[in-house]
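Notebook open, model loaded. I'll jot down what I look up as I go.

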Amino acid sequence: MSIASGARVGARWALVSVLAANMLVDALEVSATLVALPAVGGALGASVTRVQWIVTGFAAGFGGALLLGGRLVEWFGRRRVFLAALLVFAAASLGGALADGVELLVATRVVKGFCVALTAPTGLSIIVAAVPEGDARRRAVSVYSLFGAAGFCSGLLLSGLLTGLGWRWTLAFPAPVALALFAAALRVVPREPAVHDGGPRRYAVLVGGASTGAALLLVDASSSGRWGGAVAAAVLVLVCVRAERASPRPLVDTTLLRHAPLVRSALGAAALNGSYVSFLLVAATDLRRDGWSAWETALGFLPAAAPLALTALHSGRIAARLGPARAVAAGALAAPAGYALYPDSGAGGVRYVELLPSMSLVGLAFVLAFTALHLQATGSLPSGLRTAAGGLYQTCVQLGAALTPALTSALYTTSGPSAALGLVTAVGLAGAGVAVAGLAHPSTDPS
């Protein structure tokens, strides 16, 4: 290998390292706040239905901005969007850590969700553009995916440590990390020769704003019972539909909505992700009431998160060996089984050994279904439609993580943890029903 060639390879891996590190920070945002939720609620005097917004606001911002994010990249370029989102993310992290009320804290979480909707897919796009096709790109994408899978697990442990020092540290620590990544990205993210024309902007901005607003209103209606918000959300959905029909280049390709494997996968992933986040929300609140510390809660959650990180590099082979449809069905059945096994709090509280079977089944569910769902969603589509399908799929994943926890927190407050876990199990079973139905109509091999 020549010196020049070695330098190029080194520069590419420096780029991949920075982008993968950012993906890790993006992924740990949800798990870190899940462990910290009881401490935040206690410090700010907020009920479960209010403090759940820290999780659902992030997911709503993420899901609402995903489709618009691709268009922003076309208008302004990958480098500008990625760098700007990093800076705003750092500022929002600091703002959340300094917030003295739930409302401001939730606003920063929505902004952070919007930023992650830009940095996560844009980082992958930068890798695809900068690394030549073949083994080098496959290794780079694998590293990027591994860091994303490891982020959730890392967030549990880091939050368990930091929340013991003070919940504000859990919210503040991404700020200096994001600034360090911004400084590194300035050096390694390549400049683009030209900005592509993304078409008329007013329709896309209208759809992006209306979809985010609709998601937030639905979360509010689900958690508070103010169903006027649901009516307002329906109006915003109609605005989205009208704007999409009027746009010469809509954000959503309607042909994708008729692709059965994509629709099944999106619904199944929304149910799996939504029930998973809701389950951990209930467990975090329940365990804290039983006297568990943040660190003990993080360790208790590890069996539900670590298996995905440990198998991330092999997840594609697992899905291929079983077949995506069978892997999805097996994972979708394992998740509600895990929820149903969550132990009741007795006089002595929940013990780790009692928690282990439940968390382990949930962890197994993600090992089996996480990658397989994405393969099933996009594998049988033409290559030109896979990026758009991936955006639509991820939007559904995030909306599941926004709406289900909101409903679960409301039920937890009014009827207790058993009723909330019943809802979580029912959502998981609904996803399993969709997955099992998919066995009769499997998608083609996504090779």
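Predicted model: local features only at pLDDT ≥ 70, side-chain atom pairs only at ≥ 80, totals over all residues.

Which helix is S223 found in? I find S223 in helix α9, residues 201–224; helices here are DSSP runs of H or I, at least four residues, numbered from the N terminus.

Residues are numbered from 1 along each chain as its sequence is written, and side-chain values use heavy atoms, leaving out hydrogens and water.

Back to S223. I looked up its relative accessible area and got 9%, so S223 is buried (buried is under 20%, exposed over 50%, partly exposed in between, with a 1.4 Å probe and protein chains only). Leaving aside neighbours within four places in sequence, I list T49, Q52, W53, A406, S409 and A410 as contacts of S223 (heavy atoms within 4.5 Å).

Next, N22. I place N22 in helix α1, residues 3–44. N22 is buried, because its relative accessible area is 3%. Skipping neighbours within four places in sequence, I get F82, L86, T119 and L181 as contacts of N22. I also checked N22 against A185: they sit 163 residues apart in sequence, and their C-alpha atoms are 9.9 Å apart.

Then L299. L299 lies in helix α12, residues 294–310. Its relative accessible area is 32%, so I log L299 as partly exposed.

Last stop, F279. Not counting residues up to four places away in sequence, I see F279 touching Y339, Y342, S358, M359, V362, L421 and V424.

Note on methods. Helix = DSSP H or I, 4+ residues; strand = E, 2+ residues; numbered from the N terminus.
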